[in-house]
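Hi,

Here is the model I promised to pass on. Could you have a look at it and keep my notes beside you while you do?

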Amino acid sequence: MPPISHLRWRFTLGAGIIFLLDLIGVVYQQTWLAWFDQTMISLVRHPLPHGLTQAIITITKSGNPQPVTWITLIIIAILVIARRYRDALFLGWNVLVWAGIGNSIIKHVVRRDRPTVDRLVAASSYSFPSGHSITAMLLWGTLIVLLGWYLRRHHYYRWLLIGVLSVWIVIIGLSRVYVGVHYPSDVVAGWSIGFVLLTVTQWYLTRHGDDLS
């Protein structure tokens, strides 16, 4: 597992600041945040052909807890079989603890209601932050870190996979706005806090996880 670079720490600091500003905007119902949400919703929620709409619904459902849990457990099993125990812990902690328990705690502390628009999928619980967005960042972000390290000598495949997984993280988040179950600020909050937690876990395991390698 690679160490945290200075550039990565700068991005993490920026993500933390974005999350805090987002949180303050939600808690104190700031007008600038309402403007941001409405502007982004007007850009994302355009009528699309039926086939494309169904594809977006399928994409957004791929981030539901059940498929995410199965994907995570399968990858963890592969990592354990390959004796990459620290990497397995990295993935398991990020997805099952941070994205699962941590996200739920934040939701119930902030208690933001979901958008009052026509929804294309069912959604319960509170809106802030987007659970799908934080999970996408932590699941696929973990794979970006691991695959980037495994493929460090194969630059073409490394950057191809990083690019594909990064785009997928963005698409998952935008799909939550399109289907009407999240505000854009919920999605930004999920991405940003997910990135912070991803860095924190990686930092801890690179410093204290040698006995698991």
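Below is what I found, from the overall fold down to a few single residues.

First, the ground rules. This is a predicted model, so local features need pLDDT of at least 70 and side-chain atom pairs count only at pLDDT 80 or more, while totals for chains, interfaces and linings use all residues. Residues are numbered from 1 along each chain as its sequence is written, and side-chain values use heavy atoms, with hydrogens and water left out.

**Overall fold**

The protein has 8 helices and 0 strands; here helices are DSSP runs of H or I with at least four residues, strands are runs of E with at least two, and both are numbered from the N terminus. The radius of gyration is 17 Å, close to the 17 Å from the globule rule for 213 residues, so the protein is as compact as a globular protein of that length. That radius is taken over C-alpha atoms, and the rule is 2.2 Å times the number of residues to the power 0.38. Along the principal axes, the C-alpha atoms fill a box of roughly 50 × 40 × 30 Å.

Of the 213 residues, 44% are buried (under 20% relative accessible area; exposed is over 50%, partly exposed in between, with a 1.4 Å probe and protein chains only). Among contacts (heavy atoms within 4.5 Å) with a separation of 6 or more, 77% are between residues 24 or more positions apart.

**The cores**

The largest nonpolar core has 37 residues, and F90 and W140 have the most contacts inside it. Such a core is a set of buried Ala, Val, Leu, Ile, Met, Phe, Trp, Tyr and Cys residues joined through side-chain atoms within 4.5 Å. Helices supplying at least two residues each include helix 1 (6-27), helix 5 (85-110) and helix 8 (184-208), but helix 6 gives the most, with 10 residues. Leaving aside residues up to four places away in sequence, F90 touches M1, T142, V145, L146, L198, T201, Q202 and L205. There is also a second, separate core of 6 residues, including I56, V121, Y178 and V179.

**The loop between helix 5 and helix 6**

Please look at this loop too. P129 is found there, joined to F128 by a cis peptide bond with omega of about -10°. R111 is in this loop as well, and its phi is near 60°, positive in a residue other than glycine. S125, also in the loop, has a positive phi of about 65° without being a glycine. At 43% relative accessibility, S125 counts as partly exposed.

Best wishes
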